[in-house]
Amino acid sequence: MGKLSVSFDGLELNNPIMTASGTYGYANEFDEFIDVSKLGAIVTKAISLYPRAGNKHIRITETEAGMINSIGLENVGIEKFIETKIPELKQNNINYIMNVAGSTIDEYVQVAKKCENEKIKAIELNVSCPNVKSGCLEFGTDENSLYELVSSVRAVYSGFLIIKLTPNVTSIEKLGIAAEKAGANAVSAINTLKGTSINIELINGKYKKTIVQGGYSGKGIKPVAINAISRLYKVINIPIIGIGGIETLDDVLEFFAAGAQAVQIGTSNFTHPNTAERLVEELDEYINKNGFKSLEELKKELRA
Ligand SMILES: Cc1cc2nc3c(=O)[nH]c(=O)nc-3n(C[C@H](O)[C@H](O)[C@H](O)COP(=O)(O)O)c2cc1C
């Protein structure tokens with residue numbers, strides 16, 4: 001085990017730096033930029049029971065401090081993922097966590113059963129996508145529905161179960177507690193915030209407005225993520241994986257200080273596909289330069 005390794009109860013990572021769902025493909029799509037096998041793990045795009053075409057209107061727009069996306073969970077579906085993507089992941093020795101989305105409890109459960117059969121060692125339930133008409137976010141905003149969903153998945157899946165929480169709630173603590181009580185092994189936070197951008201152009205004396213509604217991510221959401229993690233850290237005992245606007249090593253340290261055990265990098269991949277790999281190297285250098293014996297020691301100091 002290296003100095004950077006992370007050992008959760010049921011999941012080992014070589015380092016705490018992962019890429020976030022929806023921003024890094026399914027397998028080795030980023031191979032030409034970095035050696036993906038060096039990352040702690042990649043989290044796949046959300047996979048649902050059946051393939052989804054996603055949304056038709058404008059799907060992505062840049063904002064001052066990040067982006068808004070409205071992809072609508074386009075994905076190949078679980079069967080194709082198992083058939084074509086898992087072999088690629090195995091061949092390239094990539095550690096992965098499969099992100100799961102669904103519209104009903106039964107859909108999540110059916111996908112989780114297939115993950116159990118395929119011995120997929122970790123899944124992350126997306127209960128926090130703001131860009132789809134039904135399901136998903138509905139589970140993530142009500143603690144009773146979340147408890148029912150997580151218990152149902154837990155009953156059929158014995159691997160490492162992560163619940164990805166939304167910041168679009170009044171009390172993220174209640175959702176974290178419900179996930180832990182229902183048998184989750186970890187939570188990840190945060191998914192995107194609800195956002196709207198209106199691009200205004202004046203053409204021949206008339207305003208043309210291009211409106212994009214969806215999930216806001218990137219640098220601008222970092223303080224919201226840090227706030228969510230600090231609050232969760234006070235009330236739950238399972239590990240927290242921090243996500244939201246991470247670009248630099250200082251950002252990573254801030255997440256550790258707030259209580260995150262590991263982190264995921266999302267929007268930054270679109271401008272710098274090597275962010276996660278660079279952060280692994282910088283964290284390694286930082287630990288050695290400052291004489292920490294392990295990542296755990298660094299986290300402890302940051303939280304003291
Ligand atoms: C284009 C795009 C697609 C995303 N798709 C998913 C998804 O399929 N499942 C999911 O749980 N989160 C999805 N997310 C949310 C990210 O995984 C992450 O939680 C969020 O963007 C915050 O991190 P960031 O600020 O580093 O991007 C997506 C985000 C973006 C920008």
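Is Lys119 buried or exposed? Lys119 is exposed, with a relative accessible area of 71%. Here exposed means over 50% relative accessible area, buried under 20%, and partly exposed in between, with a 1.4 Å probe and protein chains only as cover.

## Basis of the model

This is a predicted model, where local features need pLDDT of at least 70, side-chain atom pairs count only at pLDDT 80 or more, and totals for chains, interfaces and linings use all residues. Residues are numbered from 1 along each chain as its sequence is written, and side-chain values use heavy atoms, with hydrogens and water left out.

## Ligand shell

The shell around the ligand holds 25 residues, and Ser21, Lys164, Gly218, Gly245 and Thr267 come nearest. A residue is near a molecule if one of its heavy atoms lies within 4 Å of it. By class, the shell has 9 nonpolar, 14 polar and 2 charged residues. Nonpolar covers Ala, Val, Leu, Ile, Met, Phe, Trp, Tyr, Cys and Pro; charged covers Asp, Glu, Lys and Arg; the others, Gly among them, count as polar.

A polar side-chain atom of Thr267 lies 2.6 Å from a ligand oxygen. For Gly245, a backbone N or O atom lies 2.7 Å from an oxygen atom of the ligand. For Gly218, a backbone N or O atom is 2.8 Å from a ligand oxygen. Taken alone the ligand exposes 610 Å², and the protein buries 98% of that. Such areas come from the Shrake-Rupley method with a 1.4 Å probe.

Asn75 sits in the loop between strand E6 (66–69) and helix H1 (78–91). Helices (H or I, at least four residues) and strands (E, at least two) are DSSP runs, numbered from the N terminus. Asn75 is buried, at a relative accessible area of 5%. A polar atom of the Asn75 side chain lies 2.8 Å from the backbone nitrogen of Gly77.

Asn126 belongs to strand E8. Asn126 is buried, with a relative accessible area of 5%. Its side chain makes a polar contact with the side chain of Asn191, at 3.3 Å. The C-alpha atoms of Asn126 and Ile82 are separated by 19 Å, with the two residues 44 apart along the chain.

## Backbone features in loops

Two residues other than glycine have positive phi. Lys119 has phi near 55 degrees. Lys119 is in the loop between helix H2 (105–117) and strand E8 (122–126). Asn204 has phi near 50 degrees. Its loop runs between E11 and strand E12 (206–217). Asn204 is exposed, with a relative accessible area of 78%.

A cis peptide bond joins Ala189 and Ile190, with omega about 20 degrees. Ile190 is in the loop between strand E10 (186–189) and strand E11 (193–203).

## Glu116 in helix H2

Glu116 lies in helix H2. Glu116 is partly exposed, with a relative accessible area of 29%. Glu116 and Ser294 are 178 residues apart along the chain, and their C-alpha atoms are separated by 33 Å.

Methods. Polar contact = N/O pair within 3.5 Å; in protein donor to acceptor, adjacent residues only side chain to side chain.
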